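I opened my notebook to look up a few things in this structure. My entries follow.

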Amino acid sequence: MAWLALVVGFGAIVPVVPTGAAVSAAAALAFHTHPLLVLPVIAAGAAGAYVGDLVMYAMCRAGGEQLARRLRWLRDEEHLAVVKQRLQRSQVPVLLVSRLLPGGRVPVLLAAAFLGLSWRTFVVANVPACLLWSVVYAGIGVAGGSIFPSPWQGVIAAVVLVVVITWVVGLISRRRAARDAEAEAETA
């Protein structure tokens, strides 16, 4: 399970690695081997996500806006302003939701760093966020693994399911953003 924690930790720092698919695939394999092995998969996924988020938050706090612009994490300043407002109102729920939404984690980490969210708050609030994220993706893997009789089929089903869910959520987000921009243009 250490390999899974390393993959997820690396993917939390380098956001192009499909960490959710890794947890889902490991859960599908674990389900076929021995269903109780899903628990260590959840723990390893959550631990990797947590450590990766700590590193990413430290980078955001240390590097600030210059680092965010250089790595092209800061694309939409208006979106970042909205995230900052949400974070000021309710820190823990925003961190929880951001971990579950594809592409939502980095803007929230940036906003939290720019707002100066204390390390203590981040460290405590990120525990349930990472655990919930790992449970959700392991659940997807178990669902994929339970549908098919062979482990490799369950792994493929879990990965495809994660990709489809990520694509649908991204599509909905893009459409919502386009609709909001259109409404804003009409009022201006």
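Entry 1: Are D53 and R99 buried or exposed? I looked them up: D53 is buried, and R99 is buried too. I took buried as under 20% relative accessible area, exposed as over 50% and partly exposed as in between, with a 1.4 Å probe and protein chains only.

A note on the source: this is a predicted model, in which local features need pLDDT of at least 70, side-chain atom pairs count only at pLDDT 80 or more, and totals for chains, interfaces and linings use all residues. Residues are numbered from 1 along each chain as its sequence is written, and side-chain values use heavy atoms, with hydrogens and water left out.

Next I looked up how many salt bridges there are; the structure holds 2. The term asks for a side-chain nitrogen of Lys or Arg within 4 Å of a carboxyl oxygen of Asp or Glu. R105 is buried, like D53.

**Entry 2: the rings.** How many aromatic pairs did I find? The count is 4. Rings of Phe, Tyr and Trp (its six-membered ring) pair if their centres lie within 6.5 Å; planes under 30 degrees apart count as stacked, over 60 as edge-to-face and the rest as tilted. Y57 and F122 make a stacked pair, 4.1 Å centre to centre with 15° between the planes. The pair links distant parts of the chain: Y57 sits in helix α3 (residues 38–70) and F122 in helix α7 (residues 119–147), 65 residues apart. Both Y57 and F122 are buried. The rings of W133 and Y137 have centres 5.4 Å apart and planes at 50°, so I wrote this pair down as tilted. W133 and Y137 are about one helical turn apart, because they are 4 residues apart in helix α7. W133 has 3% relative accessibility, so W133 counts as buried. Y137 has 10%, so Y137 counts as buried. Ring pairs also link Y57, W119 and F122 into a cluster.

I then came back to R99. Its charged end sits over the ring of W133, 4.7 Å from the ring centre. For this, NZ of Lys or CZ of Arg must be within 6 Å of the ring centre and within 35 degrees of the ring normal.

**Entry 3: the whole chain.** I listed 8 helices and 0 strands. Helices (H or I, at least four residues) and strands (E, at least two) are DSSP runs, numbered from the N terminus. Of the 188 residues of the chain, 39% count as buried.

Entry 4: Where is I172? I found I172 in helix α8 (residues 151–187). I172 has a relative accessible area of 46%, so I172 is partly exposed.
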